[in-house]
Structures are given as C-alpha cells and as structure tokens.
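Here is a colleague's note to read beside the model. Please keep the sequence open while going through the points, and check each residue as it comes up.

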Amino acid sequence: MAESISRQPLLPFRIRIEPRLSEPPRWYPAVISLGAIIVALLLGGVVIALAGGDPLRSYAHIAKASFGSLGVLSDTIVKATPIILTALACSVAFRMKLWNIGAEGQFIMGAFGASAIVLGKVLPPEASRWAFIPVMMLAGMAAGAIWGFIPGYLKARFNVNEIISTLMLNYIAVSWVDFWIFAVWTEAGFQMSPKFPANTWLPRLADYAKAIPAFRGLTTHAGLLMGIVAAFLLWLVVFRSRWGYEIRLIGDNPQAAKYAGINITRNTIWVMMLSGALAGLGGTSEVAGVVHRLQTAPIAAGYGFTGIIVAWLAKLNPVIIILVSILFGALILAGREIQPSGVPKMIQGIILVCLIASDFMLRYRIRFVRAGKEE
Amino acid sequence: MDLIVILQAGVATGTVLLFATLGEIFAERSGVLNLGVEGMMLIGAMTGFSVGIKTGNPWLGVLAAMLFAGVISQIHAFITVTLQADQVVSGLALTFLGAGISLVLGEGLSKAGTVSPMPAFSVPLLSQIPILGPIFFTNQRLLVYLGYLMIPAAWYYINRTRPGMHLRAVGEYPAAADALGINVYRMRYLYVFVGGVMAGLAGATISLAVSPGWFSELTTAGQGWIAVGLVIFAQWDPVRAAVGSYAFGALRRLILDIQGPTTLFGLANPFYYNPYWGFFLKMLPYAFTVIVLVIGSREAMRKRLGAPAALGEPYIRGERGK
C-alpha cells in the first residue's frame with residue numbers, strides 16, 4: 001500500500017490508515033487481542049438479545065458457573081484439559097502453515113486407541129494403573145498419529161488439500177468408533193462401551209482427599225499434567241531444536257526452506273503425525289480421565305475445533321495456549337446450561353472473526369490528522 | 001430397490017451440492033477461497049425453514065436464506081479483501097460463526113412445525129426420454145430444474161462473457177485487471193456475495209425440499225466441506241462440478257436406500273442383515289471426497305492446470321510483484 005487511504009471529509013479530522021513500518025511494542029498485540037475479545041462479547045450479546053435471551057445474565061452466569069468456587073474451577077480445568085492438547089496439536093501444524101482441521105478426528109481416534117487397550121484386553125484386566133496408563137497413552141498417540149499420517153502423506157505425495165482431507169477424516173473417525181461401540185463393545189445394545197475398571201482411570205485430585213482434605217470432590221485429573229508437560233516439550237521442540245527451526249522456516253518461507261535443503265515432504269508427514277499424536281493424547285486423557293468408557297457423544301464434542309481457535313488466539317505459543325484453554329474451558333462448561341444452547345459455539349465463532357480482523361491493527365496504524373493539516 | 005428411483009432422488013440430493021459448488025467456483029475464480037460454505041449453508045437452511053414456517057411460503061424462505069447467507073459472506077469479504085487477512089483462517093471462522101448463529105437463532109425450530117413442501121412436477125416431452133426422462137425430468141422440484149439451467153449459464157458466463165473474463169482476470173492476475181480499470185476489490189466482494197447467496201440457496205434446498213426440517217448441524221452434515229472438495233475435483237469448471245455433485249447425490253441416496261430391502265439382486269441383502277455395516281456405508285461420501293481430491297490433485301499436477309493463480313492471495317494495490 002504505497003499511498004494511504006483517506007476518507008471522512010465531514011469530520012474536523014481525517015482518519016489515515018498507513019502501514020506500520022516498525023515493530024509495535026511487545027504489549028501491543030495482547031491489548032489488541034483483548035480488545036477483539038471485548039468487541040466479540042459485545043457482538044455476541046447483541047445476537048443473544050436478538051434471539052430473546054438476556055446477554056448480561058448469560059455472561060454473568062458463565063463467569064459464576066466456571067470460576068465461582070474451587071469445585072467449578074476444577075471442572076473448568078477438566079474442560080480445558082482436552083482443549084490444551086488439541087490446541088497444541090493445531091499450533092504445531094499451523095506453525096508450518098499446514099491447516100490441520102482434523103484434530104477432532106485425531107482426538108476421537110486417540111480415545112479409540114486408548115480404549116482398545118482396555119476393551120480389547122491387550123493388558124490383563126488386573127494389571128496395575130501404572131501399567132495401563134502409559135500403554136493407553138502410547139496407543140492413543142499412535143492412533144492419532146496414524147490419523148494425522150493419512151492427510152500428511154496425501155498432501156506430501158499428491159498435493160491433496162489437507163483442510164478437506166482432515167475434515168473428511170473427522171466424519172470417518174466418528175463412524176469408525178460408532179461401529180465398534182455398536183457392533184463389538186456395546187453395553188447391552190446401548191451406544192457405548194462398558195465402563196472401564198477403576199485401575200485404568202487417570203488419578204484425580206479427589207483420589208488424594210484422604211491426605212489433603214481440600215481436594216475432596218475435585219475432578220481435575222492427570223490429563224492436565226500431560227497437557228502442561230506436552231506444552232513445555234513442544235515449546236522446546238519448536239523454539240529450541242533444529243527440527244523446530246525447520247518447521248518455522250517452512251511456515252514462514254517455504255521457498256527459502258527448499259533452497260536451504262530442508263525436506264518439505266518429510267516434514268509435512270512428520271508434523272502431521274506429531275499433530276495427530278498430540279490430539280490423540282488429548283483423546284486418551286479424556287477417555288481415561290473423564291468419560292471412562294468409549295462413547296462418541298461426550299468425546300466428539302468439538303474439542304478439536306475449539307483447539308483451532310485457541311491455537312490462533314494464543315498466536316501458536318504453547319505456554320499461552322494453556323491460559324487461553326482455561327478461558328475456553330470456562331465458556332464450554334458454563335455454556336452447557338445457558339439458553340439458547342448454541343451460544344458458546346457462536347461466541348467462539350465471533351471471537352475468532354474479531355481476532356482475525358484485529359490482526360489488521362498489527363499491520364497498519366490508524367492516525368487522526370486534523371483537517372487541512374498535511375504533513 | 002429401483003435404481004431409477006434412487007438416481008432420481010440422487011439428482012435432487014445432488015442439487016444441494018451443485019448450488020454450493022457453483023457458488024464456491026465463482027468466489028474462487030475471483031481469487032477468494034471461502035471455506036465458510038458449511039456455515040453459510042447452515043445459515044441458509046435455518047433461515048429458509050424458519051421463514052418458510054412463519055410465512056407459510058417456502059419461496060420467501062428461499063429468498064431470505066439467500067439474502068442472509070449472502071450478508072454473512074460479506075464478513076469474509078471484508079476480512080480478506082479489505083483487511084487482507086488469511087483466507088483460510090477467516091473461512092474457518094465463518095464456518096464457526098455460521099454454525100453458531102444458526103444454532104442460536106434456530107433454537108426450538110426443529111419442533112416448530114412443518115412447511116408445505118414445494119410442488120414437484122414433470123416436464124412434458126423431456127420426461128418421455130427413456131432412462132434420462134424418469135431420472136432428470138419426472139417429479140422433480142423447481143429448484144432441481146433451476147440447477148440444470150444454472151450449469152450451462154455458469155459455464156457460459158465464466159468462459160464467454162465480458163464480465164466473466166473480468167472475473168477470471170481478477171482471480172488470475174489482479175494487478176493486470178486493476179491496470180485495465182477493473183475494480184478488483186469490488187469484484188471480489190461481489191463474487192464472494194454470489195458464493196454466499198448460492199450456499200444459502202443450497203442450505204434452503206435441504207431444509208425446504210430435499211429433507212425438510214431443521215436438525216441443527218446434522219442438517220448439512222458436512223456437505224459444505226464436500227462442496228469445497230468438489231471445486232478442486234471440478235478444476236473450477238461448472239460442468240465437471242455438476243457431474244461430481246450429481247454423482248455424490250446419487251451416492252448419498254444409495255447409502256440411505258440400500259439398507260432397506262431384505263433382498264438385493266435376488267440375494268439376501270448383507271446390509272439389511274448386518275446393520276453394523278451401515279457405519280461403513282456412512283463413511284463412503286467422506287472417503288470418496290478424499291479419493292476425488294486425490295484424482296483432482298493428480299490431474300492438476302499432470303496437466304499443470306490448477307487453481308486460479310491469485311487464489312488465496314490478498315490483492316494490495318501498488319505492491320510490487322504478483
């Protein structure tokens with residue numbers, strides 16, 4: 001944009017939009033993102049009011065039902081845990097400009113892989129928790145990685161658009177799990193598997209209530225630990241390793257990466273597998289930590305899609321993802337009770353739209369110039 | 001199970017994909033990738049059904065659906081054309097937004113009643129043609145016939161008219177189009193709007209004609225995404241888009257109908273006696289979309305054809321290159 005756009009001759013000042021030449025200060029992007037969220041909540045309120053709801057009450061309810069007490073805060077963290085892992089999964093793929101929209105399917109396959117260890121009697125049912133949990137984690141990550149490998153391979157080999165292939169695989173994953181819980185592992189003909197034995201569950205805070213009474217009734221489970229460790233490891237990989245440097249270079253400038261001798265084909269497949277494995281770990285944590293049985297409705301609940309928004313909102317930074325996930329966990333937890341039921345989904349959509357629009361403020365600056373005064 | 005009946009219903013089902021795919025072809029030909037088709041279709045389906053019930057007139061529903069989806073599409077146009085943001089992320093956001101808004105505004109709509117279906121009729125003479133007559137021209141709704149007319153019209157508009165040339169120029173080489181005095185920004189807004197209107201029409205076609213009703217996100221069940229995939233398979237050509245859409249429509253019908261009868265071609269129907277196989281049947285449209293993408297992408301690589309050159313690139317007037 002060589003010339004700046006000038007308009008608004010009626011006002012005593014003119015608005016000039018000009019490209020930002022220098023890097024904005026460090027706090028600036030955070031302020032812009034916060035502003036975008038506030039605008040999004042205002043817009044969401046307008047739509048809630050249009051649909052006949054009371055926006056203030058809806059928002060007050062969300063805040064109270066998600067942060068109001070230690071118990072609900074713990075539930076908020078439980079909802080945030082799968083989002084942390086799916087957002088990490090999206091962030092590493094997005095970093096390479098690989099649009100993995102399939103975290104949802106990889107998450108479901110992860111839950112399937114972990115469940116297969118229990119339901120398929122891979123380990124003897126009386127094995128200890130410390131045998132089950134690592135094996136289930138590995139199986140879940142492997143299943144997710146396979147589900148990421150397919151679109152990665154198709155992209156690398158045939159240049160198949162990964163957005164659509166990953167999305168289609170989401171639907172296939174749901175049907176796949178539906179088949180198993182109906183035909184093979186059904187609980188008395190219902191659309192779910194039998195409940196897993198307690199020695200396959202992830203430990204919860206409440207399990208230690210005897211030693212620490214304050215933990216009584218708290219549902220936060222070890223999946224949170226998986227998310228935090230994964231975020232830290234991913235941060236190391238992306239920002240402190242040679243592989244991470246390659247991923248970032250391919251994302252920023254694929255031409256330069258190619259000339260530098262980086263193998264884009266191989267990286268496409270590996271990054272998609274890593275992304276799938278992270279989402280699969282999320283599925284494992286959800287099935288072993290919360291649901292305790294294989295069932296599509298609570299597992300395919302859209303965590304993979306929320307992960308996309310969270311990754312974007314956190315600017316793909318693994319550590320910030322944890323914080324943003326907790327906010328979105330709150331939105332989902334509280335949103336289950338408010339009417340109309342589509343509100344959390346709509347607010348997520350509006351937040352994402354406002355965020356993308358707000359990026360403009362990072363690249364351009366808006367100046368008010370007094371009329372008649374030209375520099 | 002009568003194959004002709006299935007194909008006849010498949011054409012009606014495929015009309016949904018046809019509208020959405022044609023609309024996306026227009027948007028992408030102008031250089032704007034809009035991944036929000038699914039969201040805009042949901043908006044269209046919800047609006048169409050809602051207005052259809054309130055007014056008792058399905059045509060008003062169709063009109064409102066087209067308008068509302070078109071308006072929603074302009075959010076994407078504003079973000080990608082004016083604010084020059086990433087088209088992929090903006091399109092995704094539009095999908096979330098469309099789904100969310102249609103869920104909120106469509107609350108309670110699934111139990112709100114029924115709308116009188118659009119009348120179906122046969123075309124004299126054309127319906128007498130063997131095989132093709134019963135499939136394409138017997139007992140179809142007006143929207144299906146509208147689809148037939150749109151295929152050659154869209155092809156002719158894109159390939160043989162002056163505005164169609166401008167459309168292609170904007171998508172292939174916007175700087176040159178700009179130098180010729182074509183308003184690139186205005187054209188992109190316009191064709192994103194066309195894409196939105198068509199997606200709205202597709203959504204209303206579901207909720208008012210093909211499978212009347214509002215079933216929240218299951219109303220579209222990923223057809224918007226299949227349409228985006230079909231555009232690649234179609235190589236941005238309306239005629240190929242039509243072939244793909246009707247083939248997918250027939251496939252969807254076949255999957256629904258094959259599980260009903262007890263015998264199939266004189267043999268015991270395995271899908272009737274093993275209802276669990278139905279889950280694998282349900283995967284087929286999505287698996288086929290991936291296969292169709294592989295075919296389309298390989299062909300594009302071999303023939304060195306492909307997407308409009310400026311697809312996905314924001315146009316910034318006065319910037320060097322491109």
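This is a predicted model: local features need pLDDT of at least 70, side-chain atom pairs count only at pLDDT 80 or more; totals for chains, interfaces and linings use all residues.

1. Residues are numbered from 1 along each chain as its sequence is written, while chains are lettered from A and ligands numbered from 1 in the order in which they are written.

2. On confidence, the predictor gives the complex an ipTM of 0.87 and a pTM of 0.89.

3. The contact between the chains takes 41 residues from chain A and 42 residues from chain B, where two residues are in contact if their C-beta atoms, placed from the backbone, lie within 7 Å. On the side of chain B that touches chain A, the elements giving two or more residues are helix H3 (58-82), helix H4 (87-105), helix H10 (223-233) and helix H13 (278-303) of chain B. Helices (H or I, at least four residues) and strands (E, at least two) are DSSP runs, numbered from the N terminus. That side of chain B divides into 30 nonpolar, 7 polar and 5 charged residues; here Ala, Val, Leu, Ile, Met, Phe, Trp, Tyr, Cys and Pro count as nonpolar, Asp, Glu, Lys and Arg as charged, and the others, Gly among them, as polar.

4. Which residues touch the most other members of the largest nonpolar core? In this core of 214 residues they are Leu88(A), Ile108(A), Val310(A), Ala311(A), Ile321(A) and Ala20(B), and the element that gives the most to the core is helix H9 (residues 184-210) of chain B, with 17 residues. A nonpolar core is a set of buried Ala, Val, Leu, Ile, Met, Phe, Trp, Tyr and Cys residues joined through C-beta atoms within 7 Å. A residue is buried if 20 or more other C-beta atoms lie within 10 Å of its own, exposed if 12 or fewer, and partly exposed in between, with C-beta atoms placed from the backbone. Leaving out residues up to four places away in sequence, Ala311(A) touches Ala87(A), Cys90(A), Ser91(A), Phe94(A), Leu316(A) and Ile321(A).

5. In chain A, the axes of helix H5 (residues 129-158) and helix H10 (residues 264-291) come within 6 Å and cross at roughly 145°. Axes are lines fitted to C-alpha atoms, for helices over the stretch in contact, and angles run from 0 to 180 degrees between N-to-C directions. The residues of the contact of H5(A) with H10(A) divide into 18 nonpolar, 11 polar and 1 charged.

6. H5(A) also meets helix H4 (residues 103-119) of chain A, with axes that come within 7 Å and cross at roughly 140°. The residues of this contact of H4(A) with H5(A) divide into 13 nonpolar, 7 polar and no charged.

7. Val118(A) lies in helix H4 of chain A and is buried, with 27 other C-beta atoms within 10 Å. Although Val118(A) and Thr200(A) are 82 residues apart in sequence, they are 7.6 Å apart in space, C-alpha to C-alpha; not counting residues up to four places away in sequence, Val118(A) touches Phe196(A) and Thr200(A).

8. Why is H10(B) largely enclosed by the rest of the structure? The reason is that 11 of the 11 residues of H10(B) are buried, and what covers them includes helix H6 (162-183) of chain A together with helix H1 (3-29), helix H2 (37-55), H9, H11 and H13 of chain B. Just after H10(B), Gln235(B) takes a positive phi of about 50°; Gln235(B) is found in the loop between H10 and helix H11 (238-257) of chain B and counts as partly exposed, with 16 C-beta neighbours inside 10 Å.

9. Leu125(B) has a positive phi of about 70° although it is not a glycine. Leu125(B) lies in the loop between strand E1 (120-121) and helix H5 (132-136) of chain B, and counts as exposed, with 9 C-beta neighbours inside 10 Å.
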